Amino acid sequence: MGMEHYAYVSPLRHKNACLKTTFGITVLVCGLAMDSIAVSLWITVSMMGISVIWGKVRLYDYIRFLAMPLFFILFGGGALFFATEDMRLVLLVTLRAVGAVSAFYFLTLSTPVGELMAVLRKCHVPPVLIGLMYLLYRDIFVLTGVWQSMFTAAQSRLGYADYRTSLRTFGGIGSNLLLLSWKRADDCYHAMEARGYEGTICFLERRQSCRWYDVLAAAGYIAVMAAIRRFCG
Amino acid sequence: MKEDALLCLRDVSFSYHTGRQVLTHVDLTIRAGERIAVLGPNGAGKSTLFLLMNGVLRPSRGSIYYKGRRMDQKNSNELRRSVGIIFQDADSQIIAPSVREEISFGPMNLKLSSAVVEERVAHAIASVNLQGFEERPPHYLSGGEKKRVSIADIIAMKPDVFLFDEPMACLDPAHARRVETLLEDLSGQGKTLLVSTHDVDFAYRWAQRILIVQEGSLKADGTPPAVFAQEALCRDANLSCPVLLRIEKMLESRDLLRAKGRNPRTVEELELLLKQGNDCVSPAGPAQG
């Protein structure tokens, strides 16, 4: 399963999106600001725990998701080591980065993009931007679907038989996709106008109650972070 | 203009900016509660006709009247509120990240209060049987489910007139039947329906009135039996005769169907006619032994 899909099926999805976003960002910022190996380790391990235990993400998948950024982070850590030869610094920087990614993964794996956009709207991000984000998000899936079927159709006609042909096919699909998205933009605009669109995209806001024990849990987590910083350095 | 005319097109022509003439001199009166099938080859102008009726496109010539009032630039929004289009490709209609949000788009544009929007969304979801799909993102829906979402989109806006652009295209038989039942339901609620289609058998059994659009003009307008009786015209538009009408003609010509010119719309109706015919015949017929 992809990250996107986990966000939709996660049991944590039904928690208040604003709270989750605030929590994720606070942990991220505090983790970076506290500048401590112990705190970063705590964030990494606990966020993995939350996502795997409460978010029902398979451990294997979680590690798979983490592998890509981890590769770049370790690469950067290696470079830093050769430059400074300060192992503590390398460890600190690497763990802070991993912690930050983990905090964001908590958000990504528990909150679908649509709900994140609703949070942004509450934060008074200009409606034009939000509207664009909605359309872009939707189009990613539509165009990927179209691309997938064009790819298969080209493959069935030996479009990827050798290197030269593959390059030509790739170019052909790319230009076709451009023309198609052009036409789609037209159709989509007509369909929106037909439903009374007058310049701003507006959907019904979902009402998610914010439970006191969720707020308490989030506050408790941050308190633990502060305590670790205080006692373990 | 007649009293019960809901939507009138008077000498409407339309051409795109490129100069291509898509519709020429269309005159059409639609009465409240009618069930109309729009037939014609691809590119004949059916979709353009729908976009004009909904006010997204403006006629280059002629005018459109809704409930007797002329629709122009200023009140085109009224037309969009009262006439809804279900587009052929659900993907070009669906824009939101979840089914509930998607269906709320139209009612939100009507500037209704959130309580009313919520109620309308729930009602629309129930009428297309998509309960439990509210939080699903559209990219995890099947083609038939997407179609139902696109229909719910318009149901939630509660228009008087529904324009369906080839609603059965690319649907499996089960979903096609579902859509047909939905059309029956809407018609039962007194809504006015226009459905563009290539399926002559569906048009014959479902519609009260058939329009044939070809090369940008209205070639025929009448009841299904009357329209399909014009053989030359149907041939020109590449429309085959509905199977049931052919069977009826065949039975009549062999004198197997006594009740002539009754035009049964369904197999069941034909069966009933045959039975009635035989019941009348049997007393006079030879005694069975």
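User: Before we start, a polar contact here is a pair of N or O atoms within 3.5 Å; within protein, one must be able to donate a hydrogen and the other to accept it, and residues adjacent in sequence count only if both atoms are side-chain atoms. How many residue pairs are in polar contact between chain B and chain A?

Analyst: This is a predicted model, where local features need pLDDT of at least 70, side-chain atom pairs count only at pLDDT 80 or more, and totals for chains, interfaces and linings use all residues. Side-chain values use heavy atoms, leaving out hydrogens and water. With both residues at pLDDT 80 or more, the count between chain B and chain A is 14.

User: Which helix gives the most to the side of chain B that touches chain A?

Analyst: Contact means heavy atoms within 4.5 Å, and helices are DSSP runs (H or I, at least four residues) numbered from the N terminus. Several helices of chain B supply at least two residues each, including α1 (46-54) and α6 (143-155). With 8 residues, the top contributor is α4(B).

User: How many salt bridges does the rule find across the interface of chain B and chain A?

Analyst: The rule wants a side-chain nitrogen of Lys or Arg within 4 Å of a carboxyl oxygen of Asp or Glu. B:D153 and A:R195 meet that way, at 3.4 Å, N to O. Across the interface, the number is 5.

User: What area is buried between chain B and chain A?

Analyst: Buried area is the accessible area (1.4 Å probe) that two parts lose on being put together, summed over both. Carbon and sulfur atoms give 58% of it here. The value is about 3100 Å².

Notes. Residues numbered from 1 in each chain as written. Chains lettered and ligands numbered in written order.
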